[in-house]
Amino acid sequence: MNTTVTKKTMKVLVLNNFAVGQTHLGQSVFAARSFRVGDVITQFTGETFHKSEIPKRYKGEDDRFVQIGQDQFMGPSGGVDDLINHSCDPNSGLKFNSENIYLVALKDIAEGDEITWDYSTTMFENNWKMKCDCKSGSCRKIIGDFSLLDRELQQKYKELNVIPQYIKDYMDSPEYPVYTEAIEQMKLHGKTKR
Ligand SMILES: [Zn+2]
């Protein structure tokens with residue numbers, strides 16, 4: 001598949017850049033060429049669904065729908081974007097513009113490296129969680145909402161510009177510091193009780 005998409009600020013060339021292999025997490029996507037920081041790796045595509053249209057079971061590990069709006073989810077495309085695993089220490093992230101979603105390299109990626117992104121960067125669902133076994137040193141063990149990430153990590157993803165508008169809005173809202181403080185306290189309380 002060769003697709004050239006030209007946007008105002010991004011020129012995208014998608015070639016046969018990937019290899020699909022197996023890891024302990026199942027199907028996984030590996031780079032078949034190197035990528036430099038900032039390179040567009042691929043585009044995320046798929047039909048858009050309102051959250052009410054998605055049965056709970058399809059938010060699972062096999063048929064994951066990616067949240068792309070407060071109430072909107074993107075369904076599977078049948079392409080490589082469906083298979084890219086989560087990591088708590090990802091080498092890529094999703095950049096949103098008004099029309100499209102691109103996966104962009106956050107680190108230099110060598111040929112043969114697994115390509116990963118942090119699923120929590122788009123999650124704002126309030127009650128959906130998935131166990132994590134990404135084996136990175138910073139593994140959070142649970143993949144949950146963006147609002148549950150450590151503040152520093154939220155800021156880092158914001159600075160990298162790999163969060164969607166509804167999460168930017170959340171971080172810019174007057175309630176953000178109050179809400180974040182409450183969550184930090186909750187985490188602290190949880191830790192001291194153990
Ligand atoms: Zn993890």
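I will go through the metal site, the strands, a few single residues and the helices.

Some ground rules. This is a predicted model, where local features need pLDDT of at least 70, side-chain atom pairs count only at pLDDT 80 or more, and totals for chains, interfaces and linings use all residues. Residues are numbered from 1 along each chain as its sequence is written, and side-chain values use heavy atoms, with hydrogens and water left out.

Let's start with the zinc ion. Which residues are its protein donors? They are Cys88, Cys132, Cys134 and Cys139, each through SG, and they lie 2.3 to 2.4 Å from the ion. A donor here is an N, O or S atom within 2.8 Å of the metal, or 3.2 Å for Na, K and Ca; water is not among the atoms, so sites may look incomplete. Along the sequence, the donor spacing reads C-x43-C-x1-C-x4-C.

What about the geometry? The arrangement is tetrahedral because the 4 donor atoms subtend angles of 105 to 118° around the zinc ion. The cut-off for four donors to be tetrahedral is that all angles lie between 85 and 135 degrees.

Are Cys134 and Cys139 buried or exposed? Cys134 is buried, at 15% relative accessibility. Cys139 is buried as well, at 16%. Buried means under 20% relative accessible area, exposed means over 50%, and partly exposed is in between, with a 1.4 Å probe and protein chains only.

Now look at Lys135. This residue sits in the loop between β13 (130–131) and β14 (142–143). Lys135 counts as exposed because its relative accessibility is 59%. Its phi is positive, about 65°, although Lys135 is not a glycine.

On to the strands. Strands (E, at least two residues) and helices (H or I, at least four) are DSSP runs, numbered from the N terminus. Two strands pair if DSSP finds at least two bridges between them.

Take β3 (residues 18–23) and β4 (residues 26–31). They pair in the antiparallel sense over 6 bridges. A hairpin of 2 residues joins them. Ala19 stands opposite Phe30 in β4.

Next, β5, residues 40–44. How many of its residues are buried? The count is 5 of 5. β5 pairs with β11 over 4 bridges, again antiparallel. Within that pairing, Thr42 has Leu103 in β11 as its bridge partner.

Asn100 lies in the loop between β10 (92–96) and β11 (101–105). Asn100 is buried, with a relative accessible area of 14%. Its side chain makes a polar contact with the side chain of Gln43, at 2.9 Å. A polar contact is a pair of N or O atoms within 3.5 Å; within protein, one must be able to donate a hydrogen and the other to accept it, and residues adjacent in sequence count only if both atoms are side-chain atoms.

Now an open sheet of 3 strands. The order is β6-β8-β7, with antiparallel pairing. The edge strands are β6 (48–50) and β7 (66–67), each pairing on one side only. β7 and β8 (residues 72–74) are joined by 2 bridges. Gln67 has Phe73 in β8 as its bridge partner.

Stay in β8 for Met74. Met74 is buried, with a relative accessible area of 10%. Met74 and Phe49 are 25 residues apart in sequence, yet their C-alpha atoms are 6.2 Å apart in space. Leaving aside neighbours within four places in sequence, Met74 is in contact (heavy atoms within 4.5 Å) with several residues, including Phe44, Phe65, Val66 and Ile101.

Last, the helices. Gln154 lies in helix α1. How accessible is Gln154? Its relative accessible area is 0%, so Gln154 is buried. Not counting residues up to four places away in sequence, Gln154 touches, among others, Phe146, Leu149, Tyr170 and Met171.

Tyr170 and Met171 belong to helix α2 (residues 165–172), whose buried residues are Tyr166, Ile167, Tyr170 and Met171. These cover an arc of only 140° around the axis, which puts them on the same side of α2. That arc is taken from the directions from the helix axis to the C-beta atoms.

One stop remains, the loop between α1 (151–159) and α2, where Asn161 lies. Asn161 is partly exposed, with a relative accessible area of 33%. Its phi is positive, near 60°, in a residue other than glycine.

Conventions: Four donors count as tetrahedral if all angles lie between 85 and 135 degrees; four count as square planar and six as octahedral if opposite donors are over 155 degrees apart and all others between 65 and 115; anything else is irregular.
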